[in-house]
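Student: I have this one open and want to go through it piece by piece. Can you take my questions as they come?

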Amino acid sequence: MHNGEEEIPVIPTHQEVAADVMGRYQELGRRYWGWVTVLASLFLLGIVGFVIRLADGFDDRSNWGYHVATISFLVSTFMAMPIISAGLRLAKANWRRSFTRVTENMAVASLLIVLMVIPALAALPPLEGRMNIWFEFPLGAPNLWNMMSFGTLALIGISLLWTLALPDLAAARDHLPPSRRQRIVRWMAMGWVGHVRQWRVLYMGSLIMGAFYMLLYPLIQTLMISDFHAGLLPAWKDAILPATQVVASLQAAAGMTLVVMYVMRRVAGYDRYFTVEQFWSLAKPLLSFSLLWFYFWWASFITFWYGRQPGESSLIQFLILDSWRGPMMVSFFLNFLGPLIALVWNPVRRSIWGPALVGAGIVVGALINQIRLYVAAFSVADPTQHVLDPIPAGQWPGPPDVLIVVGAISGCLLLFMLVSKLIPVISIWEIGEGLRLVKVRKFYGRYLRVIAKSH
Amino acid sequence: MATQAKPSTDTNHGTIGHKWAMVIDLDRCTGCQACVIACQSENNVRFNEESAFHEGRVMQWIRVERYWEHVPTGKQVRDDRLAEFPNVKARFIPILCQHCDNAPCEPVCPVFATYHNNEGLNVQVYNRCVGTRYCGNNCPYHARSFNYWEPVWPESLQNQLNPDVTVRTRGVMEKCSFCIQRIRRATRGGGEVEDGAFDPACVQSCPTGAMTFGNINNDKSRVAELAKSERHFRVMEGLGTSPSVIYLKKVDGTHA
Amino acid sequence: MYYRRTLTDAQINDELLGTVMTTPLRWVVIASFLAVILMGTFSAVGFMINQGLGVTGLRQPVFWGFFITNFVFWVGISHAGVMISAILRLSQAEWRRPMVRAAETMTVFSLMCSLSMPLIHAGRPWRIFYWVFPYDWARGIWPDVRSPLIWDPTAIITYLLSSSLFVYTALIPDLAIIRDRSTGWRRPVYGALALGWHGNPRQWKLQGLAGILLSALILPVFVSVHSIVSWDFGVSLVPSWHVTVFAPYFVIGAVHSGVCAVVTLMIVMRKLYKLENFIWEEHIDALARLLIVVATGWMFFFWLDLIYALWLREEQELTVWMLRMFEPPWSWMFLVFFMCSYVIPVPLWMFRRVRRSFTMMLWTSLLVNVGMFLERFIIIVPALMRKGPMTFDYATYRFSPIEFTVLGGSIALVAFLLLMFSKFFPLIPLWEEKEGQVLADSVRVGKLDVPGIVKEH
């Protein structure tokens with residue numbers, strides 16, 4: 001949906017979009033199954049790695065550092081992607097429409113994440129003697145509350161996905177020839193006919209669930225960073241950490257969205273949907289998140305560095321200046337300096353490859369950052385100390401760790417692929433809604449679009 | 001800027017020659033406050049009437065803090081109406097500027113009115129001070145006093161002022177200087193000062209000899225010897241301020 | 001619905017320039033009243049500088065009190081300008097148009113007001129200029145850049161200069177209109193200020209570019225100013241101040257407080273200058289919805305602060321929080337602050353009727369600012385009253401009449417400066433309003449005409 005000064009912009013009709021998407025949806029052929037096979041094999045390798053770690057048991061916490069870091073990475077990317085679309089929907093940004101379903105589909109990855117949290121909880125040391133946010137009410141903490149929160153978020157994410165997919169599921173139900181797939185889709189469509197009342201329920205439901213998701217997500221990050229990171233490090237009283245993680249997640253989720261869009265463009269031919277407008281518009285919040293990433297990190301750093309208190313100083317030696325300096329620097333570049341330098345330039349920002357490349361860098365940087373935070377925390381031998389002494393060295397991944405990381409990411413992508421067989425990966429009704437709100441008119445000699453904003 | 005290594009509590013922290021330190025033996029301190037009066041006379045500290053205490057505008061470079069201790073449990077009693085003799089006893093601790101090696105008051109002054117000199121002293125430069133009072137906030141020992149009013153001495157006492165020490169104006173922060181005027185006088189000729197050649201006013205006036213002052217870089221000085229005592233501690237060591245004032249714990253028959 | 005009432009250019013010019021061209025009696029009355037308050041404040045400050053800080057309530061160990069609270073409060077209010085002008089301009093939100101100049105101007109004046117606070121609260125204010133400018137060049141002693149009190153004026157003056165530039169740049173087209181309408185001595189003055197604006201395409205292009213550049217560049221400044229002010233507290237060793245979350249907590253609190261101040265200002269302006277054609281329910285509705293998001297974000301940071309303060313179970317932090325929450329009169333202040341900053345306004349703002357009612361929005365926005373002032377006070381003073389484990393030094397702070405006068409005077413100062421500004425310059429940008437009308441269009445969806453805007457991309 002480009003416009004120029006010479007050509008009159010062409011707005012496709014709802015029917016054209018529906019036909020195209022349905023066509024792609026129906027013919028999920030060999031290429032699709034090829035990808036699924038690859039992802040499934042990688043996922044199985046991940047399970048192998050996990051079993052190796054499981055065989056060693058939970059006594060040595062440092063074995064599980066990479067597992068937890070992977071969970072956090074997945075939470076920051078896949079579990080945060082629905083926030084991107086919910087937020088853009090709230091802000092009524094028109095350019096979100098083509099990729100909202102992609103981000104929502106990622107909510108199914110929460111199933112794998114929830115499963116992964118169970119062994120992570122088992123690896124935690126008991127609450128006594130160390131800092132924790134459960135204070136004097138450790139009833140069921142941390143296991144019960146963590147599981148409940150992750151479970152609830154997963155549930156809300158999937159409900160949100162399902163609700164918002166209903167119109168398209170109905171379209172699929174009507175389009176597909178009778179088969180097992182069609183029966184499943186018919187059940188999922190829950191009798192959607194497009195009645196006004198149904199639409200109202202959809203709007204209200206998605207609004208409320210979207211709001212809940214956005215409110216619950218910072219809670220998840222708070223619990224996760226408190227229980228799995230800060231609570232294991234002596235004297236680590238860093239109030240901004242949950243907020244830093246939320247910002248880093250939003251950045252990583254936006255980056256991942258860009259990467260997925262780019263891959264889908266290249267590999268699956270979705271270039272009509274993921275155009276420069278999407279990449280350029282998402283690059284702007286990406287730049288802001290990158291700046292915020294630095295800002296939140298710096299707020300924590302300057303407080304500890306300036307205060308020169310022994311406990312805090314040894315922790316920044318550990319996490320930033322000494323043991324984990326390498327990952328810190330890499331992440332600093334990939335999550336802040338790189339995006340800043342690249343996205344400030346108009347030609348880079350206003351392209352497709354620019355934001356996608358920066359997004360890929362951000363995703364890698366996010367993984368490295370989460371590794372730095374969680375593997376470091378899990379490598380501390382005694383969390384009941386008053387001051388971290390001695391300062392442990394950095395911890396490279398072992399082969400099972402690499403398998404776990406690769407396997408988990410593949411597992412999430414596999415779930416995405418599988419759900420895309422049922423739920424069309426482009427949101428036909430949302431694009432259709434957007435098309436109704438756009439018209440072309442001549443404006444002082446140029447053809448421009450008028451975009452209406454409904455109240 | 002301070003280095004990022006854990007601040008050591010050894011002395012010799014970047015000093016050349018002398019490093020001034022003080023040891024206060026709490027077992028000998030009776031809370032008589034002779035040190036307070038001596039300091040006031042020596043350093044031209046303003047008189048404090050009763051109203052100053054009520055207003056919280058007391059000017060004291062060294063003060064004796066008094067805490068009530070509940071003898072059976074060893075816990076602090078905040079309200080002295082709640083306990084009576086013999087279940088209560090008083091604990092004294094004279095607090096003065098600790099001349100921290102890692103002083104938190106120093107980096108926050110916008111005009112360099114307080115800095116660390118090469119003899120380990122935390123120096124206050126009155127004529128640079130503009131009175132933002134950030135240093136006072138950052139001092140964990142509450143060692144700093146601010147001149148809220150213009151200090152006035154009655155005419156009869158103006159001859160008593162020490163000519164070696166500046167008289168401060170209002171709006172300026174002041175604090176213990178380890179009697180830097182006496183240090184300057186003693187070190188004027190150069191070379192190492194003999195241990196015990198001079199003392200700050202508070203040390204000089206202590207009737208029980210609870211306070212000792214000297215060059216802790218000199219291993220044979222009294223200060224260095226006393227600092228090695230098994231009773232030694234520094235106040236709020238966990239903050240990493242690395243004070244130069246070392247206290248010796250009171251020996252108590254009742255509990256450890 | 002956003003049904004635009006279209007006005008002709010001439011109508012826009014006449015209505016918005018009404019205050020500039022003529023002087024209504026109300027203006028004179030209010031200006032005189034504020035001038036009297038200001039004179040009282042200046043006398044109080046003069047008295048304080050003459051006598052010494054003893055006239056305030058400051059005491060050992062509460063070295064910072066009302067003045068610093070006021071300082072942080074006004075820096076907070078100054079954040080609204082950038083929120084509304086820069087962020088809404090960059091995200092192309094149409095409803096910003098009537099507010100941008102008033103918000104930016106309030107930023108400039110509240111920054112000036114806030115800068116005066118650390119000046120007067122210093123022990124020797126007549127020496128302060130050595131603070132910011134190099135001191136004693138002959139001896140080579142520069143200001144100590146390690147000190148947050150140097151970062152403060154650097155950031156604030158940067159923000160002040162860039163905001164002033166922002167206001168001025170956006171004023172130029174309107175200054176040209178006034179120049180063309182004025183006579184006598186005013187004409188050359190406005191002419192000089194208008195920098196030869198004639199409204200040709202090249203100048204408009206530059207104007208658009210300047211707006212975008214300034215908006216983008218001022219955003220980092222906006223975030224860093226209040227963060228730097230928060231680091232006055234954050235990098236210190238005072239328990240309950242040494243918290244990492246202060247930077248974004250203060251910034252988002254500033255946006256909360258500032259946007260509420262803009263709401264107050266808009267509603268007062270509308271009443272005072274009869275701007276009903278320009279400030280509509282949609283505007284305060286949109287502001288209120290923004291405020292719900294901002295206030296909820298602020299609440300998240302507040303909970304982080306509280307939870308992590310108690311995290312280590314340090315006795316000193318617990319003492320401070322116990323004082324804040326449970327010991328009267330601080331506990332009352334805490335309750336009032338909590339109710340006024342979030343519990344009362346935000347649920348009310350969930351209702352459309354409240355959001356669209358000028359009276360309700362006026363009261364809720366004022367309530368929020370009362371709460372936010374108390375919040376700053378509660379952060380600053382109790383921490384000093386219970387600083388550290390040396391309970392012998394614990395004290396109670398009571399503010400004095402002088403400090404209270406200065407608080408009232410600071411509000412009067414900003415109001416007075418705004419009033420003065422409105423005498424010489426229109427508070428609502430004429431060209432923004434006209435641009436809004438030009439870009440307005442609608443799309444027919446079914447039976448409805450949905451309002452929309454013409455977009456370039």
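Student: Before that, what kind of model is it?

Tutor: It is a predicted model.

Student: OK, interface then. How many residues of chain C are in contact with chain B?

Tutor: On chain C, 35 residues are in contact, and they meet 35 residues of chain B. The elements that give two or more residues to the chain C side are helix H6 (129–132) and helix H7 (148–181) of chain C. H7(C) gives the most to that side, with three residues.

Student: And which classes are on the side of chain C that touches chain B?

Tutor: That side has 21 nonpolar, eight polar and six charged residues.

Student: Switching to helix packing. How do H2 and H17 of chain C cross?

Tutor: Helix H2 (residues 25–51) and helix H17 (residues 401–424) of chain C have axes that come within 8 Å and cross at roughly 140°. H2(C) is therefore oblique to H17(C). The crossing of H2(C) past H17(C) is left-handed.

Student: Which residues make the contact?

Tutor: From H2(C), they include Trp27(C), Ile30(C), Leu34(C), Leu38(C), Ala44(C) and Met48(C). From H17(C), among them are Ile402(C), Val406(C), Gly409(C), Leu413(C), Phe416(C) and Lys423(C). By class, the residues of this contact divide into 17 nonpolar, five polar and one charged.

Student: Now chain A. At what angle do H6 and H7 of chain A pack?

Tutor: Helix H6 (residues 109–122) and helix H7 (residues 143–175) of chain A pack at about 175°, with their axes 9 Å apart. That angle makes H6(A) roughly antiparallel to H7(A).

Student: Which residues meet there?

Tutor: On H6(A) they are Ser110(A), Leu111(A), Ile113(A), Val114(A), Val117(A) and Leu121(A). On H7(A), those met include Asn143(A), Met147(A), Phe150(A), Leu153(A) and Ile158(A). The residues of the H6(A) contact with H7(A) divide into ten nonpolar, five polar and no charged.

Student: What about the core? Which residues touch the most other members?

Tutor: The largest nonpolar core has 332 residues, and Ala109(A), Val259(C) and Val262(C) touch the most other members. Helix H10 (residues 246–273) of chain C gives the most to this core, with 18 residues.

Student: What is Ala109(A) in contact with, leaving aside its neighbours within four places in sequence?

Tutor: Ala109(A) is then in contact with Leu74(A), Phe78(A), Met79(A), Cys412(A), Leu415(A) and Phe416(A).

Student: Then which residue of chain A has a positive phi although it is not a glycine?

Tutor: Met190(A), with phi about 50°. Met190(A) lies in the loop between helix H8 (180–189) and helix H9 (196–228) of chain A.

Student: Is Met190(A) buried or exposed?

Tutor: Exposed, because 12 other C-beta atoms lie within 10 Å of Met190(A).

Student: How about His99(B): what is its phi, and is it buried or exposed?

Tutor: Phi of His99(B) is near 45°, again positive in a residue other than glycine. His99(B) is in the loop between strand E4 (88–95) and strand E5 (114–116) of chain B. Having 27 C-beta neighbours inside 10 Å, His99(B) counts as buried.

Student: Last one. Where is Leu439(C)?

Tutor: Leu439(C) is in helix H18 (residues 430–439) of chain C. With 17 C-beta neighbours inside 10 Å, Leu439(C) counts as partly exposed. Leaving aside neighbours within four places in sequence, Leu439(C) is in contact with Ile453(C) and Val454(C). Leu439(C) and Ile141(C) are 298 residues apart in sequence and 56 Å apart in space, C-alpha to C-alpha.

Terms used: Residues are numbered from 1 along each chain as its sequence is written. Chains are lettered from A and ligands numbered from 1 in the order in which they are written. This is a predicted model: local features need pLDDT of at least 70, side-chain atom pairs count only at pLDDT 80 or more; totals for chains, interfaces and linings use all residues. Two residues are in contact if their C-beta atoms, placed from the backbone, lie within 7 Å. Helices (H or I, at least four residues) and strands (E, at least two) are DSSP runs, numbered from the N terminus. Ala, Val, Leu, Ile, Met, Phe, Trp, Tyr, Cys and Pro count as nonpolar, Asp, Glu, Lys and Arg as charged, and the others, Gly among them, as polar. Axes are lines fitted to C-alpha atoms, for helices over the stretch in contact, and angles run from 0 to 180 degrees between N-to-C directions. Angles under 35 degrees count as roughly parallel, over 145 as roughly antiparallel, 65 to 115 as roughly perpendicular and the rest as oblique. A crossing is left-handed if the near helix is turned anticlockwise from the far one by less than a right angle, and right-handed if clockwise. A nonpolar core is a set of buried Ala, Val, Leu, Ile, Met, Phe, Trp, Tyr and Cys residues joined through C-beta atoms within 7 Å. A residue is buried if 20 or more other C-beta atoms lie within 10 Å of its own, exposed if 12 or fewer, and partly exposed in between; C-beta atoms are placed from the backbone.
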